[in-house]
Amino acid sequence: MSELSERSLSRARAGDESAFRELVEPYRRELHLHCYRMLGSLQDAEDIVQETLLAAWRGLGGFEKRASLRSWLYTIATNRCLNALRDRKRRPREVPTMAQPPKPTRMAEPTWLDPYPDRLLEGLADTAPGPEARYETSESVGLAFAAGLQHLPPRQRAVLVLREVLGFHSSEVAEMLETTEASVKSALQRARAMLDQRVPAGGRERVPLPRSARERELVGRFAAAVQQGDTAGVISLLTDDAWLTMPPQPYEYQGPVAIAGFIARERDDRSDANLRLVATRANGQPAFGCYLPDPQAPIVRAYGIMVLGLSEDHVSAITWFGERSLFAFFGLPRTYTGS
């Protein structure tokens, strides 16, 4: 630790809360992203970060400096996440029912996952992963990667994130999880195999650069088609193997024909009213806050968040999140005046 950090640590141990905040504030945002990867939930991640910092404040006298402050905080956060995942398993959540959806291409396991606002990623690029990391930052924040993690058993998920995303050494991970290096390596091997099945390597070279003219042009055409109610225009922008998914709903639709059928049904449910889109970004990908006009007032109301996956000059994935509470995390209003 630096001399300045040592002084802050001494003051914090003496009960100085401002000194404690000086110590931990640089890690708050990366801890939030870590907890999101573990839990898939923005609100749960926020809650666990608060619990982590409270536990660190109360346990600061036990911090022996054998590991770095950052490693110590990650140890607390990871184990709090594992406890939360165990509680979830004891009290499973019920997937909201969906009224008569079209026949899906396949039924998947319900995945409880939120999109992660890019505005919460700002400044994290300076926190480079360790030399042991396997995944680049751009890949490890992607929606497909986050979804893949949610299918791993909790301990495997923790090992993979600590080892291959954050780049901690096997010995450090073993100490964090109070296990052996052999167990870490075994869990990592199994986690890699399962994640590689769900998130195939490669393909990122076909994704337009974020915020590039190429990306803006494609996303602009997609938004225009949606807002004009031009289903054929939307379908023309899809790859032949595009997927439409709606976590935590198990219904998944692949290909233009299946997706067109779902869009037609969904338009019926909202009486053919056209969506209004507000551009945002999630998980390093283009996204929209989607609003539906209120038939009784000159306003539009929050309807859902849509995140796009791109491949060259087409849309390869549409992920829909119907939870309205997500709008606050993106800094988007629940209603606004519509013209």
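User: Let's start with Ala146: where is its place?

Analyst: Ala146 belongs to helix α7, residues 143–149. Helices here are DSSP runs of H or I with at least four residues, strands are runs of E with at least two, and both are numbered from the N terminus. This is a predicted model, where local features need pLDDT of at least 70 and side-chain atom pairs count only at pLDDT 80 or more, while totals for chains, interfaces and linings use all residues. Residues are numbered from 1 along each chain as its sequence is written, and side-chain values use heavy atoms, with hydrogens and water left out.

User: Is Ala146 buried or exposed?

Analyst: Buried means under 20% relative accessible area, exposed means over 50%, and partly exposed is in between, using a 1.4 Å probe and protein chains only. Ala146 has 3% relative accessibility, so it counts as buried.

User: What does Ala146 touch?

Analyst: A contact means heavy atoms within 4.5 Å. Not counting residues up to four places away in sequence, Ala146 touches Tyr36, Leu113 and Asn283.

User: Which residues touch the most other members of the largest nonpolar core?

Analyst: A nonpolar core is a set of buried Ala, Val, Leu, Ile, Met, Phe, Trp, Tyr and Cys residues joined through side-chain atoms within 4.5 Å. The largest one has 71 residues, and Tyr36, Trp72, Leu160 and Ile305 touch the most other members. Helix α5 (residues 69–90) gives this core its largest share, 9 residues. Apart from it lies another core, of 30 residues, including Ile235 and Met306.

User: What is the bridge partner of Ile305 in β7?

Analyst: Two strands pair if DSSP finds at least two bridges between them. Ile305 has Phe321 as its bridge partner in β7. Strand β6 (residues 299–311) pairs with β7 in the antiparallel sense, over 7 bridges. On the other hand, strand β2 (residues 238–245) runs parallel to β7 (residues 314–321), joined by 4 bridges.

User: How many residues lie between β6 and β7 in the hairpin?

Analyst: There are 2 residues between them, and Glu312 in the turn has a positive phi of about 55°, although Glu312 is not a glycine. With 43% relative accessibility, Glu312 counts as partly exposed. Another residue other than glycine with a positive phi is Arg211, near 65°. Arg211 lies in the loop between α10 (181–198) and α11 and counts as exposed, at 52% relative accessibility.

User: Which residues are closest to the centre of the second largest pocket?

Analyst: Rolling a probe the size of a water molecule over the atoms shows where empty space is left. On a 1 Å grid over the protein atoms alone, a pocket is an open set of points where a 1.4 Å probe fits, with protein on both sides within 12 Å along at least five of seven lines; lining residues have an atom within 4 Å of a point. Of the 42 lining residues here, Met98, Met246, Trp320, Phe321 and Gly322 are closest to the centre. The pocket holds about 1,000 Å³ of space, a volume being the space filled by probe spheres set on the points, which are joined across faces, edges and corners. Helix α13 gives the most to the lining, with 6 residues.

User: Where is the cis peptide bond?

Analyst: That bond joins Pro247 and Pro248, with omega about 5°. Look for Pro248 in the loop between β2 and β3 (251–254).
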